Amino acid sequence: MTGSQSQEAGNGRETAVDWQARGTVARLVLGQMATQALGTAVRLGVFDRIGPGELSGDTLAGSLGTHPQATLRLLRALAGLQLLSETEPGVFRTTTAGDALRTDTPGTMVAMARMFTDPVMLRGWDLLDESVRTGETTFDTVFGTDFFGHLKEQPELSAAFNEAMSQGTRLTASNVPHHYDFGRFRTLVDIGGGDGTLLASVLRAHPELRGVLFDTAEGLAQAPRRLAEQDVTGRVVLETGDFFASAPAGGDLYLLKSIIHDWDDERCAAILRRIRAVIPDHGSLLIVEPVLPATVPADPAGGVYLSDLNMLVNVGGRERTEDDFAALCAAGGFALRSVTPLPAPDIFRIIEASPV
């Protein structure tokens, strides 16, 4: 018997209990509480108030206008989650993980944390059992409209979503320019590229390349600022439109990053067909997405499977296997040519397809 097991009497016989496994289940059962604690701390600005030094719970409560004992209990919960450390009774500093929840640190994840702990992302999950029974999204049931329609009616929320997507793209944006031969092309068209985080990174690494950034008006709202920050404004044309209806002509390389997983197969094929209508025969299409293995590995990157459920609940899309992407490409007039993994911990792949 291992140290993680003991004997438990039941029905006149002894049964081994793996307490370590039970601990894993318990952590998952309590996972939503951890999410709420993190989200509350980010909304209150706890990590920014503590900053690079140390702060007592009483001092923090005074600056935030919160209840001292309740604030201390939140801080200790955050320390239990390894986002803070308690250096002496009632005094806290941020850990390396907690630093990522400060707005003044490189690689900050504050916008992501704020967005993915917001009720707009979480309320549909309350009806996950309904999604599993029906295969339908529950966001529409809760909010009375689809996810992107809701964002369109909420400019502040749309801006927060754009910033969260930008933060989530930065690791991939630092990798993609160095793991594909962009030098063969003249004009890169980024379809649904949001604020241009990925496009700007590619253009900075490849000065001979020009870009077109194509998205809805609300999707492009923060793009001028981002492109100016990256000093590529003069090399990018902004075009507003609907990728279900059309794609800009004139490119020889087209890019879809984190677009395909938002939609069902029929609508994905429609997006690809719009690109196929304008891409030259010598052009290429890049799809940048996670690629699920055929079976779940023993040590999975679990977040991608939760993302798959999030697509089910909130937008109606899904994460896909390589075979799924090959089938989608074929339906849209392309042939899948290669799948290139990006360096860990990046879970994205560069999927290259050619027009047929």
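A residue counts as buried when its relative accessible area is under 20%, and Cys-268, at 0% relative accessibility, therefore falls in that class. The structure described here is a predicted model, in which the chain averages a pLDDT of 94 and 96% of the residues score at least 70. Over residues 1–9, however, the pLDDT is below 50, although this stretch still has 21 contacts in the model beyond near neighbours in sequence.

**Helix α13**

- Helix α13, which spans residues 197–205, is mostly covered, since 7 of its 9 residues are buried.
- The buried residues of α13 are Thr-197, Leu-198, Leu-199, Ala-200, Ser-201, Val-202 and Leu-203.
- Both helices and strands contribute to what covers these buried residues of α13: the elements include the helices α12 (155–175) and α14 (223–229), together with the strands β6 (187–191), β7 (210–215), β8 (236–240) and β9 (253–257).

**Helix α17**

- In helix α17, which runs over residues 322–332, the buried residues are Phe-325, Leu-328, Cys-329 and Gly-332.
- When α17 is seen down its axis, these buried residues fall within an arc of 100°, so they line one face of the helix.
- The face of α17 turned away from that buried side carries Asp-323 and Ala-330, both of which are exposed.
- On the buried side, the residues of α17 pack against helix α15 (265–276) and against the strands β10 (284–292), β11 (320–321), β12 (334–341) and β13 (348–355).
- Gly-333 follows α17 in the chain, and the phi of Gly-333 is positive, near 95°.

**Cysteines**

- A search of the whole structure finds 0 disulfides.
- Cys-268 is in no disulfide, and the nearest cysteine sulfur, which belongs to Cys-329, is 10 Å away.
- Cys-329, one of the buried residues of α17, has a relative accessibility of 0% and so counts as buried.

**Arg-320 in strand β11**

- Arg-320 is found in strand β11, which is among the elements that the buried residues of α17 pack against.
- With a relative accessible area of 1%, Arg-320 is buried, because that value lies under the 20% cut-off.
- The side chain of Arg-320 is joined to the side chain of Asp-265 by a polar contact of 2.8 Å, and the Arg-320 side chain also reaches the backbone oxygen of Arg-318 at 3.2 Å.
- When neighbours within four places in sequence are left aside, the residues in contact with Arg-320 include Cys-268, Phe-325 and Leu-328; of these, Phe-325 and Leu-328 are among the buried residues of α17.
- Other contacts of Arg-320 include Ile-260, His-261, Trp-263, Asp-264, Pro-290, Val-291 and Leu-292.

**An open antiparallel sheet**

- An open sheet is formed by 3 strands in the order β3-β5-β4, and their pairing is antiparallel.
- The edges of this sheet are β3 (55–56) and β4 (84–88), each of which has a single partner strand, so one side of each is left without a neighbour in the sheet.
- Strand β5, covering residues 91–94, pairs with β3 in the antiparallel sense over 2 bridges, and Ser-56 stands opposite Val-91 in β5.

Technical notes
Residues numbered from 1 in each chain as written. Predicted model: local features only at pLDDT ≥ 70, side-chain atom pairs only at ≥ 80, totals over all residues. Heavy atoms only, no water. Buried < 20%, exposed > 50% of the residue type's maximum accessible area, 1.4 Å probe, protein only. Helix = DSSP H or I, 4+ residues; strand = E, 2+ residues; numbered from the N terminus. Contact = heavy atoms within 4.5 Å. Arc of directions from axis to C-beta. pLDDT = per-residue confidence, 0-100. Disulfide = S-S within 2.5 Å. Polar contact = N/O pair within 3.5 Å; in protein donor to acceptor, adjacent residues only side chain to side chain. Pairing = 2+ DSSP bridges.
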